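Here is a friendly walk through one model, with a stop at a helix pair, a sheet and a ligand site. Have the viewer open as you read.

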Amino acid sequence: DVPTVSAAELVAGRRAYELDRRHVFHSWSAQAGLAPMTITKAEGCYVWDGEGSRLLDFSSQMVNTNIGHQHPRVVAAIVEQAQKLCTIAPSHVNDARSEAARLISERTPGDLDKVFFTNGGAEAVEHAVRMARLHTGRRKVLSRYRSYHGGTDTAVNITGDPRRWANDYGDAGVVHFFGPFLYRSRFYADTQEQECERALAHLDEVVAMEGPGQIAAIILESVPGTAGIMVPPPGYLRGVREICDRHGIVFIADEVMSGFGRTGRWFAIEHAQGGDGESDPVVPDLITFAKGVNSGYVPLGGVAISAEIAASFDERTYPGGLTYSGHPLATAAAVATITTMAEEGIVENAARVGAEVIGPGLAELARRHPSVGEVRGIGMFWAIELVRDRATREPLAPYGGTSESMNTVVAECKRLGLLPFANYNRIHAVPPLIITDEQARAGLAILDEALEVADRSR
Ligand code: PMP
């Protein structure tokens with residue numbers, strides 16, 4: 001009962017490819033050398049390319065199709081909403097938006113009980129920063145090096161990776177700091193405890209040097225994703241919360257990629273809770289989300305807002321809005337996605353398959369392949385860092401760049417039927433959260449074979 005791609009679909013795919021190369025201007029790319037993969041069809045954990053070959057989607061596209069491709073309940077909810085009411089102005093009330101806001105508020109920690117909807121992650125970051133600046137009356141924003149926060153102006157300036165260099169006029173209000181990352185420690189740390197302590201001392205000093213009274217917000221990904229899935233050591237996020245509290249700084253947790261089950265919890269910041277895993281939560285003031293909220297079936301993002309920050313706009317106008325804030329099709333997809341994930345235990349599945357199959361499987365690959373420098377991750381959120389030399393940790397592709405070796409490894413994965421999420425010298429294993437043990441093992445077996453190429457091309 002494996003679906004196949006028909007001859008007509010293959011012809012349509014070839015025409016799509018030709019038109020794409022003629023008329024479509026692609027994101028983050030030099031346009032001339034591109035050879036993008038055509039996707040003719042998708043279902044569950046699989047996609048089919050322009051040749052009709054099936055690939056196991058270990059990327060979840062942009063780490064967003066958490067519920068898998070074409071989930072019938074989400075597709076049906078979008079169709080049903082389309083037949084009922086396709087669009088309304090953001091000033092009106094509609095059941096899909098109200099219900100989505102309730103379901104999200106119930107899952108965010110603490111008193112983050114109001115939701116401002118956007119069309120995606122970057123817009124969520126723009127609005128979170130605007131809220132923080134208006135709430136505090138301050139301008140500066142501190143964010144991590146090795147981070148990704150989106151492609152719009154403020155978001156790309158906040159981003160701590162080479163993409164922001166393109167924006168050469170910068171943003172005088174943005175300051176970067178180093179977060180904890182033991183494998184490439186900036187703090188000469190040998191243990192996670194040291195790394196945590198020194199990263200917090202460093203942040204404390206950056207805050208002091210920048211003037212606490214001028215800092216509106218500290219924004220960071222609860223688990224940095226695109227920059228390499230660096231799970232923070234225990235105590236780090238709580239320490240950041242304490243620094244923010246001491247100085248009246250707004251703590252923005254960017255959960256665009258890590259939210260909605262990716263780490264085996266609804267939000268990654270829940271891992272920073274007290275020892276029993278339930279009490280004493282670390283509660284940020286704002287959470288930005290997108291991607292997994294409706295698995296990207298219709299563009300949607302937003303900001304979950306604390307009672308205190310929401311109240312600061314009780315009497316004065318919040319100066320911001322979007323035609324499609326809480327769009328009916330997008331929020332209907334969110335309601336169906338969140339409800340289905342809860343009813344089908346999909347977040348629990350991510351935690352279990354990650355802990356029992358993907359994590360140990362990748363650790364085993366690291367034992368066998370000298371090209372693997374480090375394996376790290378949590379839930380269904382894993383990265384392997386490829387190196388030329390384990391001792392020097394020289395990456396297989398430079399930070400911010402590509403290499404022939406990395407390109408060959410990625411091409412080999414695809415040839416063998418695996419679609420990975422690759423970034424610089426890293427391959428991320430970030431499949432849909434519905435993946436089965438068997439599918440996860442099949443993906444690991446392909447990685448095993450592809451890493452032979454990495455070992456040889458060091
Ligand atoms: N923040 C984080 C943490 C992200 O991972 C991303 C997207 N990869 C964004 C923001 C931007 O989201 P979008 O592409 O939907 O604008």
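In which hand does H4 pass H10, left or right? The crossing of these two helices is left-handed. Bear in mind throughout that this model is predicted.

## A helix pair

Let's look at that crossing in more detail.

On the H4 side, the contact is made by Ala 96, Arg 97, Glu 99, Ala 100 and Leu 103. They meet a set of H10 residues that includes Pro 328, Thr 331, Ala 332 and Ile 338, with Ala 334 and Val 335 also taking part. By class, the residues of this contact are 8 nonpolar, 1 polar and 2 charged.

## An open sheet

Next, follow the strands. An open sheet of 4 strands runs in the order E1-E2-E3-E14, with mixed pairing. Strand E1 (39-43) and strand E14 (418-419) each have a single partner strand, so they stand at the edges with one side left without a neighbour in the sheet.

Strand E3 (residues 54-57) runs parallel to E14, and 2 bridges join them. Leu 56 has Leu 418 in E14 as its bridge partner.

## The ligand site

Finally, turn to the ligand, which is surrounded by 16 residues. The closest are Gly 120, Gly 121, Ala 122, Gly 150 and Val 256.

Helix H5 (residues 121-136) supplies the largest share of this shell, 3 residues. Overall, the shell around the ligand holds 7 nonpolar, 7 polar and 2 charged residues.

Definitions and conventions: Residues numbered from 1 in each chain as written. Predicted model: local features only at pLDDT ≥ 70, side-chain atom pairs only at ≥ 80, totals over all residues. Near = placed C-beta within 6 Å. Nonpolar A, V, L, I, M, F, W, Y, C, P; charged D, E, K, R; others polar. Pairing = 2+ DSSP bridges. Left-handed = near helix turned anticlockwise from the far one by under 90°. Contact = placed C-beta atoms within 7 Å.
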